[in-house]
Each structure stands twice: as C-alpha cells, then as structure tokens.
Amino acid sequence: MQITQGNWQARINPERGSLGLTRTEAVDMMLLAAGNTYKEIAKATGRSPETVRGSLKKGYHKLGVFKAAGAVAEAMRRGWIAPLLIALLISSINPDAETMRHRPPMRTRQQVSASRTVSRRDVRRVFA
C-alpha cells in the first residue's frame with residue numbers, strides 16, 4: 001500500500017506484526033526525512049513529541065539503526081520511503097537541463113602547493 005506525505009511517498013504493510021513500517025511510523029519517517037524535528041512532527045500529526053519519539057524508535061529498531069539520518073538512508077535504500085520525482089520529470093522536459101546537469105564544478109579557491117610550507121630549524125644560541 002502506498003501513502004504520500006508532502007514530497008515523500010512510503011510503502012507500508014497494513015498487516016500487524018509483518019515486516020515494514022506501519023502507517024504511523026511511515027508518516028513520521030517521511031516527515032523526519034523532510035527535515036522536521038520531533039516537535040514539528042508532533043504538531044503536524046496532533047500527537048505529543050514523546051509519542052512521535054517512541055514511534056520513530058520502533059522504526060529505527062526495524063531498520064537496525066540508531067540515528068535519524070541512518071534511518072532515513074536505510075529506509076530509502078530498502079525502498080520503504082522515497083522522494084517524489086517531480087523535479088526529475090520537469091528537468092527531462094527542459095532541453096537545457098541536460099547541459100546544465102553535466103557542467104563541471106567551478107573552483108572558488110586557489111590550490112596551495114605543499115612547497116609553500118617552510119620547515120624551521122631550531123637554532124640555539126649560547127651566550128658566553
């Protein structure tokens with residue numbers, strides 16, 4: 001089953017006790033992937049931040065990770081959540097987008113050579 005939240009789409013498994021994210025975990029994970037904090041997710045879903053935290057911790061456990069960034073990355077790798085690809089569709093319509101995508105990066109800083117580093121010799125002066 002597919003659900004959408006903002007610019008994210010998730011695949012959930014409605015059967016209890018099965019692999020995959022539940023609806024609540026998927027919505028929380030999509031909001032987390034969009035860059036929201038626990039408090040912002042709680043406000044958007046009408047729950048307390050502690051409830052959101054507990055829901056996300058269950059999702060982390062299912063994914064085998066300990067942090068939010070790892071959870072989002074692993075969920076995307078497994079295909080449980082994915083960003084909507086509207087931007088890619090628009091760029092494929094625009095003929096100039098192809099040339100812009102392959103533009104080489106511009107250098108903003110000069111390279112400093114290693115020979116610029118000067119080694120110092122420790123000189124001791126002995127006064128008589």
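A residue is called buried when its relative accessible area is under 20%, exposed when over 50% and partly exposed in between (1.4 Å probe, protein chains only). The model is predicted; local features need pLDDT of at least 70, side-chain atom pairs count only at pLDDT 80 or more, and totals for chains, interfaces and linings use all residues. Residues are numbered from 1 along each chain as its sequence is written, and side-chain values use heavy atoms, with hydrogens and water left out.

Of the 128 residues of the protein, 24% are buried. Six helices and three strands make up the secondary structure. Helices (H or I, at least four residues) and strands (E, at least two) are DSSP runs, numbered from the N terminus. The elements follow the order β-β-α-α-α-α-β-α-α from the N terminus. Contact denotes heavy atoms within 4.5 Å. Among contacts between residues at least 6 apart in sequence, 46% join residues at least 24 apart.

Helix α1 spans residues 23-33. It is largely enclosed by the rest of the structure, because eight of its 11 residues are buried. These are E25, A26, V27, D28, M29, M30, L31 and L32. The cover over the buried residues of α1 includes strands β1 (2-5), β2 (8-11) and β3 (81-83). Helices α2 (38-45), α3 and α4 (68-78) also contribute to this cover. G35 follows α1 and has a positive phi, near 100°.

Two packed helices are described by the angle between their axes and the distance between the axes. Here the axes are lines fitted to C-alpha atoms, for helices over the stretch in contact, and angles run from 0 to 180 degrees between N-to-C directions. The axes of α1 and α3 (residues 49-63) come within 9 Å and cross at roughly 95°. Helix α1 is therefore roughly perpendicular to α3. Angles under 35 degrees count as roughly parallel, over 145 as roughly antiparallel, 65 to 115 as roughly perpendicular and the rest as oblique. On the α1 side, the contact is made by T24, E25, D28, M29 and L32. On the α3 side, V52, S55, L56, K58, G59, Y60, K62 and L63 take part. By class, this contact of α1 with α3 has six nonpolar, three polar and four charged residues. Ala, Val, Leu, Ile, Met, Phe, Trp, Tyr, Cys and Pro count as nonpolar, Asp, Glu, Lys and Arg as charged, and the others, Gly among them, as polar.

The axes of α1 and α2 come within 10 Å and cross at roughly 130°. Helix α1 is thus oblique to α2. V27, D28, L31 and L32 of α1 meet I41, A44 and T45 of α2. The residues of this contact of α1 with α2 divide into five nonpolar, one polar and one charged.

Two residues of α1 were examined individually. E25 lies in α1 and is buried, at 5% relative accessibility. Beyond residues up to four places away in sequence, E25 touches G20, S55, K58, G59 and K62. The side chains of E25 and K62 are joined by a polar contact of 2.9 Å. A polar contact is a pair of N or O atoms within 3.5 Å; within protein, one must be able to donate a hydrogen and the other to accept it, and residues adjacent in sequence count only if both atoms are side-chain atoms. A polar atom of the E25 side chain also lies 3.1 Å from the backbone nitrogen of T22.

T24, also in α1, is partly exposed, with a relative accessible area of 37%. Neighbours within four places in sequence aside, T24 is in contact with R47 and S55. T24 and G59 are 35 residues apart in sequence and 9.7 Å apart in space, C-alpha to C-alpha.
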